[in-house]
Amino acid sequence: MQLTVSQHASATIVAPVGRIDHASADAFLAQVQTLLATHGPDSPPLLLDFSAVDYIASVGLRALMVSSRQAKSSGGKIAIVALQPLVQEVFNIARFNLVIACFDTLESATKELSACE
Amino acid sequence: MRVKFWGTRGSLPVAATAGEVKKKIIAALEAANGRQFTSNSEIATFADSLPFAVVGSFGGNSSCVELIGASEEHVICDIGSGARPLGHAKLAAYGPGKPQTYHFFVSHLHWDHLMGLPFFVPIYIPGNRIVMHGCHPDLEAAVRLQMSAPCFPVDFSQIGATVEFDILEPGRDYEIAGFKVRAKLQLHSGDSYGYRFEQAEKSVVYSTDSEHKLENRAEQHTFIDFFRKADLVIFDTMYSLADAITVKADWGHSSNIIAVELCQDAEVVRLAMFHHEPIHDDAKLCSLLDETRRFEEITRDGRAPLEILSAYDGLTVEL
Ligand SMILES: [Zn+2]
Ligand SMILES: [Zn+2]
């Protein structure tokens, strides 16, 4: 799994590519946690752009739960953006929309997350 | 080998409420709207065409599953409230004049897995033999406790059948009532044990009240080995994945997502969802089954399909 990070004024965008499964979940979590370590109430939201993620296993969902907890404890904001339809279905079946905020587009995520300041 | 489910509900027995029954009747009448029936058999055929949530029910008895193999001795996993109708069925089949041997495999000592024993009528009939197999050293103490004052009016010492307690060692193979049986330690408050049964090239795993920690891949591998190529895995799918790893973490139960993933990795033939959440009504349990089948489908990734069913009180599965 590859992952790119881009800093914008309105958000930090993390874009993983491929599968988040047993082979990649630990590395994915470690990278997100490194970013979250310097993330606070004043930081722009961390948006996980999932448009290129085509599979997520339960261990990957757990990584999102841990990331969301870490962001909350430091007062920062984190959200998922642009889930592919099948990954969206997995989120729904696992009830993960209750664990971490999901948005259709980067625009709607930044708008919503900056509106609730 | 056949597997018969007598109790499939988790944590405590439940019954359908008046409101739930009314909902079913309304749904059936809606489906029948405009139809004319000329005989009872036509009505019965129509009823059979209705969805399970309308015409059927998961029932509400707590854990009790019978394994029917080649032996005349009876093999039963857990003694939840489902043991009450099981006991009546055995009496109806064999009567009081034909002594029987009943082997119970006890997953753990929580009440919902033991509460059926005082209502399992064969224990009151002299000549019957009851063997309680389990891995908890205090199995006998727990069984005696629930049949003593002030918990129950009939003391354990007054039952007519002979009762033996057989403490098993996890990880060891035993030959019991024609089955090869092996127990496995599971993560649950006070420990629980899963059982793998094999007979005539068929295998069943009974694994309930078992939490799986996603961060512990090594432990998951031990379950994949335990489930390996089983014809049926009976699995605790009480919670959603989100609940199981957040608000209900450490409550000792698992989810449909983990069930499917472990069964896929273990190349299991069939998964039975089990230990149903008492809050869920029939419609909810049916939709959970649909979702679980869909999850299996979208994560299949070239593997052989995993057949998924949701166990209900009265279901028999032929292996
Ligand atoms: Zn239980
Ligand atoms: Zn329990």
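Me: In this predicted model, what makes the meeting of the side chains of A:Arg19 and B:Asp301 a salt bridge?

Reply: The N to O separation between the two side chains is 4.0 Å. The definition asks for a side-chain nitrogen of Lys or Arg within 4 Å of a carboxyl oxygen of Asp or Glu, so this Arg and Asp pair qualifies. Between chain A and chain B the count is four salt bridges.

Me: Which elements of chain A give two or more residues to the side that touches chain B?

Reply: They are helix H2 (58–73) and helix H3 (85–93) of chain A. H2(A) supplies the largest share, six residues. By class, this side of chain A holds eleven nonpolar, two polar and five charged residues.

Me: How is the extent of the interface between chain A and chain B expressed, in residues and in area?

Reply: In residues, 18 of chain A are in contact with 21 of chain B. In area, about 1700 Å² is buried between the two chains, and carbon and sulfur atoms give 61% of that. A:Ser58, A:Ile93 and A:Arg95 supply 33% of the area that chain A buries against chain B, more than any other three residues.

Me: Why is helix H8 of chain B called largely enclosed by the rest of the structure?

Reply: A residue counts as buried when its relative accessible area is under 20%. Nine of the ten residues of H8(B), residues 256–265, are buried, and the helix is therefore largely enclosed. Among the buried residues are B:Asn256, B:Ile257, B:Glu261 and B:Gln264. Just after H8(B), B:Glu267 takes a positive phi of about 55 degrees.

Definitions and conventions:
Residues numbered from 1 in each chain as written. Chains lettered and ligands numbered in written order. Predicted model: local features only at pLDDT ≥ 70, side-chain atom pairs only at ≥ 80, totals over all residues. Heavy atoms only, no water. Contact = heavy atoms within 4.5 Å. Buried area = accessible area lost by both parts, 1.4 Å probe. Helix = DSSP H or I, 4+ residues; strand = E, 2+ residues; numbered from the N terminus. Nonpolar A, V, L, I, M, F, W, Y, C, P; charged D, E, K, R; others polar. Buried < 20%, exposed > 50% of the residue type's maximum accessible area, 1.4 Å probe, protein only.
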